[in-house]
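Have a look at the model first, then work along with the solutions.

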Amino acid sequence: MINYMSSKKLNIKALLNLPQANIEVAVDAWVRTKRQSKNVAFLALNDGSTIHNLQAVVDVDDQIESILDRIHTGASVHVEGILIPSEGKGQSYELKTTTIHIWGEANPDEYPLQPKKHSLEFLREIAHLRFRSNLFGAVTRIRHAMIFAIHNYFNQNGFYNVHTPIITASDAEGAGEMFQVTTLDLNNLPKTEDGSIDYSKDFFGKSANLTVSGQLEAELAAMALSKVYTFGPTFRAENSNTSRHLAEFWMIEPEVAFADINDDMDLAEGLLKYCVQYALDHCNDDLQFLSERIIAEEKSLPEKDRSMELIEKLKMVVDNDFVRITYTEAIDILKNSNPNKKKKFNYIIEAWGADLQSEHERYLVEKHFQKPVILTDYPKEIKAFYMKLNEDNQTVRAMDILFPGIGEIVGGSQREEDYEKLVGRMREMHIPEKEMSWYLDTRKFGSAPHAGFGLGFERLLLFVTGMGNVRDVIAFPRTPKNCEF
Ligand code: 4AD
Ligand code: MG
């Protein structure tokens, strides 16, 4: 019995990068394609370690032929042989195969993924096999690299990671878009005397939800550890079926004590540039693949409608300072813009105070400035209760970062550190004060100026990968009416 779990085993990425060939190796991988003639067969093998396949060259004899007959696209195999320099284009080495073992066959009549281009919509329907596509492999590796980059950046800058809760009783954004968590029997709800639901009988003795943000808890940690960040799943029951919204997404939320809105902007710009540079440094093969894919996709478009080449676009972000302007300045630009005057926007900007829609954000970034923009000092009415009020009593020290092709990628602010002012804002916005006493306590005992932001991880990935829909940068997207797998 041959031991297929042998020690010669290398992953394909390591193997294709070996300094020299003519050594014996073993590989476990999935078959992407099989080409076979009378005397020789070629298997393109991929184990997910890299976008590149390893070509296994097999001399066909009777015994091997019976094995080859059972191998089709999607099968998993163990192959052994000698790694030799490749004569073919685009690959350094190929495997002169001596042994093939099949781990698992894949019936060609049933296997949904064929070695051809599939639509993104189709791939979403087979999310359990989507990982095997070149596209989703590349996205998954880049997603992994970005997670590392984020932890690196904060670690190198003296931040501590905190896990904030996923189940919570408070609405951090005060927007009421929460998924409820309950163990109550929905068909037999306990009621109080006045007929409302008796949550004292529920698991936590009160009504609980999935978190919409870890910010409030991160603020508590920052008031002791000075620089913290949380990076976790976030849940929003907003019924927005767009290419930028998920019901379950991942958010990076740093919170910094003794920091103001300018420190906050510097931190966010630094993080975004670090992540993009990290991708350029570590994900070149995958970025190259994604870039070529976009170019092919846009070939039929007129030149003016094509997007900037992916790697060029990433470098543009690293090399340029983000524009920083106030909401008020942005409104002036938008009011005087052509699409506004010609009523091309779906939402015409009439006056100061209007909430900006993604069409406005993208106009500023893509048409007007043509680089990332940070907007600050929004009207208090359109922002959350915890943001620090400016002296004008009208605007708050908010900052949103807008990116080309995406719109808002970061939302943050300096926080209101004054107890009285914060309570005042909470009353105005009908945020229950009593339930938030634990949060308000930070403003009672050694309160300090502080600031933070939230970076939507999937939106960062949209930018870095050049993909157009957040559903294609997360393995198992959760959206309205969609909770498969
Ligand atoms: O602007 P938001 O709502 O800010 C907060 O939640 C703050 N508590 C953050 C903070 O200051 N600590 O969300 C922050 C970011 C957005 O800019 C966007 O990138 C992303 O989270 N985001 C979403 N991403 C995917 N799907 C959704 N439904 C999202 N909602 C927000
Ligand atoms: Mg926001």
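Two exercises follow, each with a worked solution.

This is a predicted model, in which local features need pLDDT of at least 70, side-chain atom pairs count only at pLDDT 80 or more, and totals for chains, interfaces and linings use all residues. Residues are numbered from 1 along each chain as its sequence is written, ligands are numbered from 1 in the order in which they are written, and side-chain values use heavy atoms, with hydrogens and water left out.

**Exercise 1.** Find the residues that come nearest to ligand 1, then look at its polar contacts (pairs of N or O atoms within 3.5 Å).

*Solution.* 
- Start with the shell of 23 residues (a heavy atom within 4 Å). E173, Q215, R236, E253 and E408 come nearest.
- Next, pick out the side chains: a polar atom of E408 is 2.6 Å from a ligand oxygen, and one of E238 is 2.9 Å from a ligand nitrogen.
- Then turn to the backbone, where an N or O atom of G456 lies 3.2 Å from a ligand oxygen.

Note on methods. A polar contact is a pair of N or O atoms within 3.5 Å; within protein, one must be able to donate a hydrogen and the other to accept it, and residues adjacent in sequence count only if both atoms are side-chain atoms.
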